[in-house]
Amino acid sequence: GFVDCKCDMIAEMTFKTPKPFVRENNKDFELDKLKEEFNKISKTENLEIKKLQEKVKSSKDDQEIIVLSKIIIELDPNTFAAYTDLTSALMRSNQMVEAEKWYRKLIALIDSEGPVASDNFKPIFIFRSYFGYILYKNKKYDEALDFFDEHLDSVKIDPFSWYWKCVILQKDQKYRDALHYCEKIIELNTIQEISKPFDYLVGVAWTEKADIQNSLGEYENALESIDKAISITDESLNATNVWIGKGTIYQNLGNHEDALQCFEKGLSLDNNNTLLMNYKSVELAELGRFDEAEKCCKDIISIDKFQSNSWGNLASIYLQKGNDVKSFECSSISLSIDPDNLVALQAHCVVLSSFKKYNEALDVIERILKIEKNSRMQVAKINMLLKLNLNAKALEYTDEVLSRNFFKDNELVPILSYKIKLLLNSQEHEKALTECNK
């Protein structure tokens, strides 16, 4: 959630502030209405491209911009500005699949025009970076990485692309590689000050560096990096993200009071930030303040009932309050909004396990591991295989997990402990002793 928030922040800084999420049926209704309106105009007025471009420029409605831009492209398929207006509006309204389609056409047009396009759009690499971002949002991670690699071969220096590449590498838990790209942005700024519109990326890079160090368990280094980010981040440029970053480091240190203070500091800058409210609800629950945590989640849902994270957190809170039925209801609602919500999936899994539905719980764990490989869920899978009396499969999976060798020491202990248990079950005492010594 933190990574997605930061990616969205980059897009928001470059484009207009996104409008609230609108359900697909409303979008279709609005589009049909607008198309009808412009069809009438086309019969009574001469639709000159210049007039349409003026309408696009003055419009604050993304759906109107989308329809007008498509009409301009239909009249003149080589109008660069119409493609950029169209793709920007599609991105702001979260229509990423459609944005990808039109961005491919824009890039093909830029490539076909060569120097002419370069004169019209400087620097061209910004547009390529956005395309990589769209691929990322559409979960085409491998294609996005290949795209950035090819792009960086030709331009060499592009802080945007370094940033997106860092984000994708984190998704694949390639933290050291991801860290390399953060440091490239920071290093570039020390050699020559990064000029606008890239300057805010320096603060973002320090925030990202802290996030990676946090993932690697290097908490003291992470706190130093996030304090650097706080010192250089302008509050007008969504400084809430640095407070989320610092709060999550304190979370991992088990310092929940300080984490809560960080999230409340972020909320003092943006009191309707639902992501921060979600983090606050988690910390309240960690501190045993379950009623306040529940109220916090319900406040978020009153702002936006389609907040998957809030329903997921509510499921987790009810789980801790011992109300499995309410927990299952909330996790089901969360997953109906976002089938990949990790908190909801984990709550779902715990409830299924408590109902002794081990096969279904194992299916949920497999879903979680496809989204994110984390040691806690790998341990949960081993445990679930044991509950199903699949000892041989559990031992095979344990060896597979240990062979990956990307764990922090404290994560290795429970996995090795399960391996010892499995070896003892198989009467392999010598091997079990070797693992005990580890």
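## A tour of salt bridges and helix packing

Begin by selecting Glu 100, Arg 104, Lys 140 and Glu 143, which are joined in a network of salt bridges, a salt bridge being a side-chain nitrogen of Lys or Arg within 4 Å of a carboxyl oxygen of Asp or Glu. The model is a predicted one, in which local features need pLDDT of at least 70 and side-chain atom pairs count only at pLDDT 80 or more, while totals for chains, interfaces and linings use all residues. Residues are numbered from 1 along each chain as its sequence is written, and side-chain values use heavy atoms, with hydrogens and water left out.

An α-helix has 3.6 residues a turn, so residues three or four places apart point the same way. Arg 104 is partly exposed at 37% relative accessibility, whereas Glu 100 is buried at 6%, where buried means under 20% relative accessible area, exposed over 50%, and partly exposed in between, with a 1.4 Å probe and protein chains only.

Next, select Lys 298 and Glu 294, another salt-bridged pair, at 2.8 Å, N to O. These two residues lie four apart in helix H17 (residues 290-303), about one helical turn from each other. Lys 298 is partly exposed at 42% relative accessibility, and Glu 294 is buried, with a relative accessible area of 12%.

Asp 172 is partly exposed at 48% relative accessibility, and Lys 174 is partly exposed at 39%. Over the whole structure, a search finds 22 salt bridges.

Now display helix H9 (residues 141-155) together with helix H10 (residues 159-171), which pack at an angle of about 145° with their axes 10 Å apart; the axes are lines fitted to C-alpha atoms over the stretch in contact, and angles run from 0 to 180 degrees between N-to-C directions. Among the residues that meet are Phe 148 and Leu 152 in H9, and Trp 164 and Ile 168 in H10, contact meaning heavy atoms within 4.5 Å. The residues of this contact between H9 and H10 divide into nine nonpolar, two polar and three charged, where Ala, Val, Leu, Ile, Met, Phe, Trp, Tyr, Cys and Pro count as nonpolar, Asp, Glu, Lys and Arg as charged, and the others, Gly among them, as polar.

Move on to Gln 251, in helix H14 (residues 240-252), which is buried, with a relative accessible area of 17%. Leaving aside neighbours within four places in sequence, Gln 251 is in contact with His 256, Ala 259, Phe 263, Tyr 279, Val 282 and Glu 283.

Finish at helix H18 (residues 308-320), whose buried residues include Trp 311, Leu 314, Ile 317 and Tyr 318. The buried residues of H18 pack against helix H16 (274-286), H17, helix H19 (324-337) and helix H20 (342-354). Just after H18, select Gly 322, which takes a positive phi of about 85°.
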